[in-house]
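Subject: Structure handover

Hello,

Here is the structure I promised to pass on. Please open it next to this email and follow along.

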Amino acid sequence: MEPHTPRLKWVVSIATIFVTVLTIIFGNISTASAASLPGPLPGSIFEGGDGNLTVDTSGNTDWSNVKGVNIGIDLTSGSTDNSFGQGAKEDLPNPSVVFGSIPPNKNDLTRFYEASEFSNNNNFLYLAWERAVNIGSADIDFEINHLQCSTATPSNCDGNGVTTARTAGDLLVLFEFSGSGTPTIQISKWVTSGTNAKADCEAGGPYPCWGAVQTLNNTDSEAAVNTSTVQDPLNNNASLTAGLFGETAINLTAAGVFPSGQCTHFGSAYTKARTSGSSFDSELKDFIAPIPVNISNCGEIKIHKITQPAGGTGFNFTTTGASPVTGFSLDDGGLKDFTNAPTGNYTVTESAKTGWDFVSLACTATGAGTTATPASSTTNTTASITISPDGVADC
């Protein structure tokens with residue numbers, strides 16, 4: 001047996017090396033796979049870059065459970081499906097609407113989803129699209145308007161009666177997908193005037209136009225298209241094979257859509273597909289009509305004054321916090337209503353007034369994240385308020 005001992009040791013050594021190599025390889029594969037799993041954007045728990053609609057990590061949200069989802073559903077594909085016609089492009093206001101003219105090799109949209117929330121002092125926007133057939137690349141735009149087109153507000157509609165009339169600062173989100181890899185997310189704002197249309201407009205002008213696009217980085221946005229079959233819990237768990245679903249999450253605050261101290265509200269959104277490549281100025285075809293949304297970075301503060309006996313005048317209040325919440329005066333029965341209070345913290349204090357004694361202060365608050373205290377006090381003359389989007393503090 002002596003001559004064979006070295007060979008046995010050599011075989012054992014090779015086996016050991018082989019196991020070690022396998023451990024390293026599989027260890028690296030596992031680590032790389034885990035590292036590549038997209039996580040929610042900082043400050044959000046929404047899984048907007050995993051390419052599916054259900055929660056992967058306990059404690060997070062996805063389309064299956066996020067609050068406030070708004071759903072847009074396209075008309076039935078074929079001759080009854082509407083689309084843009086006559087060479088419509090992004091800069092064209094009031095595009096013509098036609099029926100049954102979506103080429104078979106172009107994106108035929110079926111549904112889109114929108115949701116928004118305020119979390120950790122940031123406004124987040126979540127968008128998703130679905131299409132009938134995977135044709136590879138997807139150049140899909142979401143137009144988000146301040147106004148809301150409806151039968152009750154026809155002046156907010158374009159002449160076609162379907163799309164929303166644009167106003168300065170309207171938002172366009174461009175979802176650029178080459179057919180593989182991670183989509184690119186860009187944003188643009190509607191510009192109505194300026195001094196250099198060639199520089200200001202993404203397509204070179206004239207005004208009005210969509211402004212120069214801004215490509216978002218991976219801390220301002222995340223996006224994905226499904227690479228395997230996923231279920232849609234918002235559509236009776238319909239199966240969506242690879243390439244039929246795309247989504248993005250955007251930190252609107254970090255992206256500069258909501259400048260500090262400025263109130264902005266968007267009331268409607270719709271989605272549309274461009275026909276060729278990633279060219280901004282390519283022709284538009286299929287679209288899903290606008291739906292109401294509520295995307296805001298401001299809330300409301302109401303301060304009432306009541307005197308006993310009635311008829312008191314000239315009671316002064318001081319404030320801390322963002323403009324336009326500033327000092328004011330109220331008489332008995334008066335109301336100071338700050339309808340555009342930016343998100344953040346405020347105090348409102350009633351000043352002492354000769355000849356009058358303070359009696360009580362009572363506050364209420366509505367809206368997720370909005371607080372107002374005290375609920376009731378006979379000694380505290382200061383209301384402490386935290387405003388979240390669409391929240392109302394009433395004292």
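Below are my notes on its salt bridges and its disulfides. Keep in mind that this is a predicted model.

**Salt bridges**

The count comes to nine salt bridges. Start with E143. The side chain of E143 meets that of R166 in a salt bridge, with N to O at 2.9 Å. E143 sits in strand β6, which covers residues 138–145, while R166 sits in the loop between β6 and β7 (171–177), so the bridge ties together parts that are 23 residues apart in sequence. Both ends are worth a check for burial. E143 has a relative accessible area of 0%, so it is buried. R166 comes to 18%. The cut-off for buried is under 20%, so R166 counts as buried too.

E143 also forms a salt bridge with K272, at 2.4 Å from N to O. This pair links distant parts of the chain: E143 is in strand β6 and K272 is in strand β15 (residues 265–274), 129 residues apart. K272 is buried, with a relative accessible area of 0%.

Now look at E283 and K285. Their closest N and O atoms are 3.7 Å apart, and they form a salt bridge. E283 is partly exposed at 26% relative accessibility, whereas K285 is buried at 13%. Shared partners also matter here: salt bridges join E90, E143, R166 and K272 into one network.

**Disulfides**

There are four disulfides. With bonded cysteines counted along the chain, they follow the pattern 1-2, 3-4, 5-6, 7-8. Here are three of them, including their handedness where I have it.

- C149 and C157: the sulfur atoms are 1.9 Å apart. The torsion about the S-S bond is about 100°, so this disulfide is right-handed. C157 is buried at 16% relative accessibility.
- C201 and C209: the S to S distance is 2.0 Å. The link is left-handed, with -75° about the S-S bond. C201 is buried at 3%, and C209 is buried at 0%.
- C263 and C298: the S to S distance is 1.9 Å. This link is left-handed, with -95° about the S-S bond. The pair links distant parts of the chain, 35 residues apart: C263 lies in the loop between β14 (245–251) and β15, and C298 lies in strand β17 (residues 298–304). C263 is partly exposed at 31% relative accessibility, but C298 is buried at 5%.

Best wishes

Notes:
Residues numbered from 1 in each chain as written. Predicted model: local features only at pLDDT ≥ 70, side-chain atom pairs only at ≥ 80, totals over all residues. Heavy atoms only, no water. Salt bridge = Lys/Arg side-chain N within 4 Å of Asp/Glu carboxyl O. Helix = DSSP H or I, 4+ residues; strand = E, 2+ residues; numbered from the N terminus. Buried < 20%, exposed > 50% of the residue type's maximum accessible area, 1.4 Å probe, protein only. Disulfide = S-S within 2.5 Å.
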